[in-house]
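Subject: Two-chain model for you to look at

Hello,

Here is the structure I promised to pass on. Please open it first, then read my notes below.

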Amino acid sequence: MTAASGAAGPTVRTPKRPNRFLTGGSVLSLTWLIGLTLLAFFADYLPFIRYATARTKSVTNYKAGPGLDFWFGSDRLGRDVFARCIYGAQISLRVAVASIIVGIVVGGALGLIAGYVKGRTDATINVLFDVLLSFPALILAVLVVGRLDVLAADVPWLTRTWSVTIVLSLLSIAPIARIVRAQTLSLSEREFVLAARSLGAGRMRILFKEILPNLVPAMVSVAFTGVAVLMVAEGGLAFLGYSVESPSSSWGKLIAENREKIDVAWWATIFPSLMLFITVLAFNVVGDRFARRFDIREAAL
Amino acid sequence: MRYALTRIARFVFVFVIVTFLVMLATRIGSKDPVRDLAGGQVGPEVIAKVEADFPYVRACEGTITYAPCMVSQYARWVGDVFTGNMGYSYAQNQSVVDMFKQRGPSTFWLGVWAIVIGLIGAVPIGVYSAYKRDSPLDRVLSLGSFAVLSTPQLVIAVFLLYAVANRVAFFPNIPDYVAPWSNPVEHFRNFFLPALTLGIGLGAVWSRLLRADMILTLQSDFINLARAKGVSPNRVLWVHALRSSVLSLITSVALQLSGLISGAVVAEQFFQVGGIGGRLVIAVQQNDILVIQAITAAVVAAVVVVNVGVDLLYAVVDPRIRQARALA
């Protein structure tokens, strides 16, 4: 039993266009995302990407505009903006993807429990979500990262990259759990669950064999839109000064630190902004296409 | 009535938990809370004075006494806040109440104008798109709103700064607060760009929401009835249909509030509006305990109050919801 909404019954109005997942937009988006991931992953081995922290000696003018030498120009310290964008992609992607995985595992488990067990457990978990959701995300993030900084003095492994990942994971739990809970609630009243129950299937079997597989499409869609949201959040956090530790940098940090020189070196700010915009758009397009393909509502984070 | 009371009780509970957790965070992430409050490098006599002024800011010790100590600190803080003493920022040499009076209006107007800009953009686009569904212009508008929706606020801000603020002399890079009634033009100059940064994204969200809702509404029987009775198409669209779709818009305005506040912090920093958000960022860096506690409490209170308000308004407007929610 997969969520096959494509197989329309006779009463359902057939959509004008076939509801395929692979359309021009989503193919383009996937290409961009895969290409970017490969570039970021193999950045150290590709000859045309200079080490992001290396200063370029060849130019005396350290704010060189975009051109053949520097595809995206060079920044105020003479570093290649293109390379910094690619290395920024490494951090931005890693942080967002790691956080969404934690969010889906933890939020998914909580939502599943809340939606299936109901009753008092559901109410308790719901209050927890209310607490998390009543707080503007960015303020929560600033507070937690700011406080973790103090703790980090005694804990050597707790770098900024870690604390940003922790915060973003925390932020993604409640919205994901909400979606999973709603889906579980509606799924658990479907006929196939009733059928499984009347065949004598136990709770665990119903949860893992009947409900969980049906949640997968929604989760894939949430994962894509969620990564987009988290990248934006990371950008905001970086802009407020709570980004990864130097010399590594994320897109948000690149935008933030080059912003003040925007009137003399626009490329150092505009190109990271474009990268962030295109990537977020691509993630959103893929998530949206996926949600439409499987007819998922409430998939927005 | 019972419905209203349970909602309110629940939100009060959430408010208490959140503000308590914030207080806990300011204490845990600090070596010496009193010194943080006093503003860092100060002599012992200042510390002693701060300690006397705010006895409920101190480090709790011991494993068994920790929780009761925290709870009593929280209770005394709440008591102080309710009697109008929200504390003092020694680092900024300003009482928290004065801070709110000085910076509150900027943030307030920023939020109001962002919502206004969002609605001005969303209502015509949403109504038109729903009415002329699948027309070429609707396709373009839908695509456009999706793209705008995916644009991070930071990117919008960068774009506005680069393309507008740096080129158009009319918009100052560093705005001051001017009340709209004392000088409307100056007020507009100062708040337009930051409000636009926030408003564009809101407009995109709302136009999509309104479009989806209006499409459903336009298919319902009462619209057909109105048309059959000979009500003019414009009146059907803008009065009959829009009115019943406005409810979901109101809910969304409330739901977006917490996102709006997050966005306002970034926009304030970016355009250097002297608002509450910028103050909070600095306060977190300095662990200016009472400022953090007061601002977060205010923010959560605003979110909570608006949510309760919308919930109740919803129930008042639409009896079906009142019934359904009471059962749930």
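This is a predicted model: local features need pLDDT of at least 70, side-chain atom pairs count only at pLDDT 80 or more; totals for chains, interfaces and linings use all residues.

In chain B, 38% of the 328 residues are buried. Chain B has 13 helices and 2 strands. Along the principal axes, its C-alpha atoms fill a box of roughly 80 × 55 × 35 Å. Take the contacts in chain B between residues at least 6 apart in sequence: 73% of them join residues at least 24 apart.

Now chain A. Here 49% of the 301 residues count as buried. Chain A has 9 helices and 0 strands. Its pattern along the sequence is α-α-α-α-α-α-α-α-α. Of the contacts in chain A with a separation of 6 or more, 72% are between residues 24 or more positions apart.

Next, the helix packing in chain A. I looked at two pairs, and α7(A) is in both.

Start with α2(A), residues 81–117, against α7(A). The axes lie 8 Å apart, at an angle of about 140°. Angles over 145 degrees count as roughly antiparallel. The pair is therefore oblique. The crossing of α2(A) and α7(A) is right-handed. On the α2(A) side, the residues in contact include A:Ser92, A:Val95, A:Ala96, A:Ser99, A:Gly103 and A:Tyr116. On the α7(A) side, they include A:Leu207, A:Met219, A:Gly226, A:Leu230 and A:Glu234. By class, this contact has 14 nonpolar, 5 polar and 1 charged residues.

The second pair is α7(A) with α9(A). Their axes come within 8 Å and cross at roughly 160°. That angle makes α7(A) roughly antiparallel to α9(A). This crossing is left-handed. From α7(A), the residues that meet α9(A) include A:Pro217, A:Val220, A:Phe224, A:Ala228 and A:Gly235. Among those they meet in α9(A) are A:Leu276, A:Thr279, A:Phe283, A:Asn284 and A:Phe290. The contact of α7(A) with α9(A) divides into 13 nonpolar, 6 polar and no charged residues.

On to the core. Which residues have the most contacts inside the largest nonpolar core? They are A:Ile139, A:Ala141, A:Val142, A:Ala233 and A:Leu237. The core itself has 157 residues. I followed A:Ala233 a step further. Leaving aside neighbours within four places in sequence, A:Ala233 is in contact with A:Ala137, A:Leu138, A:Ala141, A:Leu168 and A:Leu171. One of these, A:Ala141, is also on the list of residues with the most contacts in the core.

When you go through the model, I would begin with α7(A).

Best wishes

Key: Residues are numbered from 1 along each chain as its sequence is written. Chains are lettered from A and ligands numbered from 1 in the order in which they are written. A nonpolar core is a set of buried Ala, Val, Leu, Ile, Met, Phe, Trp, Tyr and Cys residues joined through C-beta atoms within 7 Å. A residue is buried if 20 or more other C-beta atoms lie within 10 Å of its own, exposed if 12 or fewer, and partly exposed in between; C-beta atoms are placed from the backbone. Two residues are in contact if their C-beta atoms, placed from the backbone, lie within 7 Å. Helices (H or I, at least four residues) and strands (E, at least two) are DSSP runs, numbered from the N terminus. Axes are lines fitted to C-alpha atoms, for helices over the stretch in contact, and angles run from 0 to 180 degrees between N-to-C directions. Angles under 35 degrees count as roughly parallel, over 145 as roughly antiparallel, 65 to 115 as roughly perpendicular and the rest as oblique. A crossing is left-handed if the near helix is turned anticlockwise from the far one by less than a right angle, and right-handed if clockwise. Ala, Val, Leu, Ile, Met, Phe, Trp, Tyr, Cys and Pro count as nonpolar, Asp, Glu, Lys and Arg as charged, and the others, Gly among them, as polar.
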